[in-house]
Amino acid sequence: MTEAEVYQVVISILTPFAKAQDALAECTMETSILKDLKVNSARLVDVVLELEDRFGIEVTDEDADTVRTVGDAVRLVRARTQSD
Amino acid sequence: MNDAALLDARSAVGNDVIDLQQEDHHAAFQRPRILKRICSPDEAQRVQESARPEQTFWGLFAAKEAAFKAVIQWLGQVPLCYPEFRVSLDQRTVEWRDVRLKLEVRSTERFVHALAWSGTGFPSWALRATRGGQSSSQRVRQLLLDHAARRLGLSADQLAVRRIPRAEAWDGAGPPELMHRGRPLQIPVSLSHDGNLIACALGITCGVGLLRLPGDQLK
């Protein structure tokens, strides 16, 4: 998958968890998942599980801890899918 | 000085509130993969054997979040790996590596609230239900300012909360700091919000009469 394709899927995963729906419209790779999209920290685990299911990858706790922005999630997915 | 000794010597406080009326929280404890991400094997067993599994699960989650917030006050950013935060069976302590924090977890049908702290004394805390208006982030800051003003005998107008941007932090900013007339008070504080609930904690571990305010007289 291209970066753009992964980005679109990541956004679709984040959409139901984002409280700041208006921020989704202006989303970029630098957008913070917690601070800008206002995804509740209690729902981050759901996001990680969705990433695993949709892309068929495994995300370790250490990997998950590095994801701050949409771009971090996209790069993590691409790194895992390309290494498989 | 190791991490445990550092936290023993300094005071730190974290708190976390979970609004159990949030519908999307209801099924979490029933999903084995969620349990595995949050709980150690024995904690997961506690949830599965509990008469109130939802409260038990979110109590563990809130305890770990509260402990994480306390730990990063003095140790800086650490990995947020939930199973590494181990909650004792009696829910009186939570351990992370060689650090042991005191813990109190309250749960009702409406909410779960956890306090984790180091140092002597017992943290002061407040929890409120809110409706509309300001953002949860603004409302919980105001709750802390009002609560701190009452506890410290100060005017809320002279207090402020700041979070310094920190790129490596999980949400892009360092722990909240309580400011008085523009200068940081050396009192650990913690903020939390979820759904329609907001909560704060104030780590007052010395008597208010001994509190030294920067550039001010003893109060």
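1. Two strands are taken to pair if DSSP finds at least two bridges between them. On that basis, five strands of chain B form an open sheet in the order β6-β10-β9-β8-β7, with antiparallel pairing. The model under discussion is predicted.

2. The edges of this sheet are β6 (124-129) and β7 (159-162) of chain B; each has a single partner strand, so one side of each is left without a neighbour in the sheet. Neighbouring strands are turned against each other by 30° on average, direction ignored.

3. Is B:A126 buried or exposed? Its relative accessibility is 4%, and because buried means under 20%, B:A126 counts as buried. Leaving aside neighbours within four places in sequence, B:A126 is in contact with B:L143, B:H147, B:I198, B:A199 and B:C200. B:A126 and B:L143 are 17 residues apart along the chain, and their C-alpha atoms are separated by 7.7 Å.

4. The largest nonpolar core holds 42 residues, of which B:I38, B:F57, B:W58, B:F85, B:V94, B:L101 and B:L103 touch the most other members. Helix α4 (residues 53-75) of chain B gives the most to this core, namely twelve residues. Another core, of 28 residues, lies apart from it and includes A:V6, A:I13, A:A23 and A:V48.

5. The size of an interface is often given as the accessible area lost when the parts come together. Here, chain B and chain A bury about 1800 Å² between them, with 46% of it on carbon and sulfur atoms. To the contact, chain B brings 25 residues and chain A 18 residues. Which three residues supply 39% of the area that chain B buries against chain A? They are B:R33, B:R37 and B:W170, a share above that of any other three residues.

6. Between chain B and chain A the count is six salt bridges. The side chains of A:D53 and B:R33 meet in a salt bridge, at 2.9 Å from N to O.

Definitions and conventions: Residues numbered from 1 in each chain as written. Chains lettered and ligands numbered in written order. Predicted model: local features only at pLDDT ≥ 70, side-chain atom pairs only at ≥ 80, totals over all residues. Heavy atoms only, no water. Core = buried A, V, L, I, M, F, W, Y, C linked by side-chain atoms within 4.5 Å. Buried < 20%, exposed > 50% of the residue type's maximum accessible area, 1.4 Å probe, protein only. Helix = DSSP H or I, 4+ residues; strand = E, 2+ residues; numbered from the N terminus. Axes fitted to C-alpha atoms, helices over the stretch in contact; angles between N-to-C directions. Contact = heavy atoms within 4.5 Å. Buried area = accessible area lost by both parts, 1.4 Å probe. Salt bridge = Lys/Arg side-chain N within 4 Å of Asp/Glu carboxyl O.
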